[in-house]
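Subject: The structure we talked about

Hi,

Here is the structure I promised to pass on. Have a look at it first, then read my notes below.

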Amino acid sequence: MKSDYERKRYRNRYLLSVGIVLITELCFSLCIFSGQLWKILINTGILVVFAIYIYILSKREINYVYTEVEKVSDIIDHLLDDDCEPPVEEYREGTIGILYTNFHKLVKSLQESKNRALEEKIFMRDIISDISHQLKTPLASLTVFLDLFLEDKLEDEEKRKNVLNEAKNQLNRMEWMVLSMLKLARIEAGAISFEHQEHALESLLLQAADGVQFMLQKRKQTLNIDCGQEVMLLCDSGWLTEAVINLLKNASDYSDDGKNIWIIVEQTNVFMRIYIKDEGMGIAENELPNIFKRFYRVHQEVNPNSVGIGLSLTKSIVEGMGGSISVQSREGKGTCFILTFMK
């Protein structure tokens, strides 16, 4: 896009200024060189030649500046119309170079904002799709249970209790899933700011153990914690406790009655690692890359009420605090989740 408005304005102002200077010079020359016409003409001619020379040089520089500004304007129009990639940045010196550099910074920032907005839109779409998909089964089950009661098809008291217990399980599953999905969505959307304070790791692990104590006692499983009292970890205690509880629940669900579960802490000058090991059925090697995906379940028959979101939530929590999580497992030999936090 090109406009001659600034160029015409400059030309008109320049001619006006030169005209004023020439008139002033003529008046001055007439006073100084009265009767000496040739001197007046020489002075005026020199001034005119100098003015023309200055005009040619200044016009060239002004044309260069406005041409570069027009190029930036054309690039912006092109980007807005075609939504394409900007040209490769030209590194130059001077104000024009600074203009190009800042222009490319602006374009890059706008593209990153656009990509983030698109990613958030896709993420919210996937979250809503996942929740609606996962709610279909428990809602359908609850509808069937209500129909049985409304149609008075459950004459046996024992059957009624079983149906009510199953309805309660489905409601608990829905509650856990929705709350976990909301937590996961808030974490991945950056809406949660994790606090980083030093906490006694043993106390934190004991709190997590209390959260699964009933489950362990019911299955006669033993939890062993190997962590020194002096071990401190920079973390968000509430969220890390929830992450460890999720891993302990997972270890209990996929281990037989009477088995052992361990929490072992390893500390070096570089990192701190928390190992959560079990003696369960283990995970096949080809399943390992998928276990942190939302709603992915390896052994669906073990815990039918499992939602399949605990490990995904745990991974988001650990990574949100700057840590990492990995897993080692062999079928029939148990599983070990490893939480690593760099010092």
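Which residues does arginine 7 touch, not counting residues up to four places away in sequence? They are Lys2, Asn63, Tyr66, Thr67 and Glu70, where contact means heavy atoms within 4.5 Å. Arginine 7 sits in helix α1 (residues 5-32). Its relative accessible area is 15%, so arginine 7 is buried.

Some ground rules before I go on. This is a predicted model, where local features need pLDDT of at least 70 and side-chain atom pairs count only at pLDDT 80 or more, while totals for chains, interfaces and linings use all residues. Residues are numbered from 1 along each chain as its sequence is written, and side-chain values use heavy atoms, with hydrogens and water left out.

Two terms keep coming back. Buried means under 20% relative accessible area, exposed means over 50%, and partly exposed is in between (1.4 Å probe, protein chains only). Helices (H or I, at least four residues) and strands (E, at least two) are DSSP runs, numbered from the N terminus.

Phe50 belongs to helix α2 (residues 37-82). Together with Tyr53, Ile54 and Leu57, Phe50 makes a nonpolar surface patch of about 380 Å². Patches are made of residues with over 30% relative accessible area and no salt bridge, joining like charges within 9 Å and nonpolar side chains (Val, Leu, Ile, Met, Phe, Trp, Tyr) within 5 Å. The areas come from the Shrake-Rupley method with a 1.4 Å probe, and for residues only the protein chains shown count as cover.

In helix α5 (residues 201-211), the buried residues are Leu201, Leu204, Leu205, Ala208 and Ala209. Looking down the axis of α5, you find these buried residues within an arc of 145°, so they line one face of the helix. That arc is taken from the directions from the helix axis to the C-beta atoms.

Leaving out residues up to four places away in sequence, glutamate 202 touches Cys227, Gly228 and Gln229. Leucine 233 is 31 residues from glutamate 202 in sequence, and their C-alpha atoms are 9.7 Å apart.

**Salt bridges**

Side chains of opposite charge can pair when their charged atoms come close. A salt bridge here is a side-chain nitrogen of Lys or Arg within 4 Å of a carboxyl oxygen of Asp or Glu, and the count comes to four. Here are some of the pairs:

- Lysine 183 and glutamate 242 meet at 2.9 Å, N to O. Lysine 183 is in helix α4 (residues 157-188) and glutamate 242 in helix α7 (residues 237-253), so this pair ties together parts that are 59 residues apart in sequence. Lysine 183 is partly exposed at 26%, while glutamate 242 is buried at 19%.
- Aspartate 253 and arginine 219 meet at 3.0 Å, N to O. This pair links distant parts of the chain, with aspartate 253 in helix α7 and arginine 219 in the loop between α6 (213-218) and β2 (222-226), 34 residues apart. Aspartate 253 counts as buried at 18%, and arginine 219 as partly exposed at 25%.
- Lysine 315 and glutamate 319 meet at 2.8 Å, N to O. Both lie in helix α8 (residues 310-320), four residues apart, about one turn of the helix. Both are partly exposed, lysine 315 at 26% and glutamate 319 at 41%.

**Cysteines**

How many disulfides does a search of the whole structure find? Zero, taking a disulfide as a pair of cysteine sulfur atoms within 2.5 Å. For cysteine 227, the nearest cysteine sulfur is that of cysteine 235, 11 Å away. Cysteine 227 is buried, at 9% relative accessibility. Cysteine 336 is buried as well, at 10%. Its closest cysteine sulfur, in cysteine 227, is 15 Å away, which is too far for a bond.

**One more arginine**

Arginine 330 is in strand β6 (residues 324-330) and is exposed, with a relative accessible area of 57%. Setting aside neighbours within four places in sequence, arginine 330 is in contact with Met281, Gly282 and Ile283. Glutamate 285 is 45 residues away along the chain, yet the two C-alpha atoms are separated by 7.2 Å.

Cheers
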